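Please look over the chain shown here before reading the briefing that follows. The notes are grouped by topic.

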Amino acid sequence: LSNELSTFGHLYEGEKDSALEFSFDGSRFAIFGYVSADYDGYEVHVDGVLSGNVKLGGDDNDTAMVFLSENLGKGKHEVTIRGSGRFNIDSVVLWE
């Protein structure tokens, strides 16, 4: 991953097939990213199950919430983000 300045601090970037993994104790999470024609997207896996495909390409040129998980139930959860092309992550928000 590389990073660039963003509205929140740093914009973390990855390429196709690169992955980011994290775990959290809570019930839900959201991912914010920079939507621009310069980016492709990624898959989001939660607890080993594909939960969504994020598409970042577009003409917005702005930071937006690009993924909101369903209510997962309170507990520990494992998240894997795997690039389907060039992608970025601005920030992650967690619900307790």
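In what order do the elements of the protein run from the N terminus on? In this predicted model, the order is β-β-β-β-β-β-β-β-β-β, and the count is accordingly 10 strands and zero helices.

**Overall dimensions**
- The radius of gyration of the protein is 13 Å, which agrees with the value near 12 Å that a compact globule of 96 residues would have.
- Along the principal axes, the C-alpha trace spans about 35 × 25 × 20 Å.

**Packing and contacts**
- Of the 96 residues in the protein, 36% are buried.

**Aromatic residues**
- Five aromatic pairs are found when the whole structure is searched; one of them joins Phe 22 and Phe 29, and this pair is edge-to-face because the ring planes stand at 90°, with the ring centres 6.1 Å apart.
- Phe 29 has a relative accessible area of 0%, and is therefore classed as buried, the cut-off being under 20%.
- Ring pairs also connect Phe 22 and Phe 29 with Phe 24 and Phe 67, so that the four residues are linked into a cluster.

Terms used:
Residues are numbered from 1 along each chain as its sequence is written. This is a predicted model: local features need pLDDT of at least 70, side-chain atom pairs count only at pLDDT 80 or more; totals for chains, interfaces and linings use all residues. Side-chain values use heavy atoms; hydrogens and water are left out. Helices (H or I, at least four residues) and strands (E, at least two) are DSSP runs, numbered from the N terminus. The radius of gyration is taken over C-alpha atoms; the globule rule is 2.2 Å times the number of residues to the power 0.38. Buried means under 20% relative accessible area, exposed over 50%, partly exposed in between (1.4 Å probe, protein chains only). Rings of Phe, Tyr and Trp (its six-membered ring) pair if their centres lie within 6.5 Å; planes under 30 degrees apart count as stacked, over 60 as edge-to-face and the rest as tilted.
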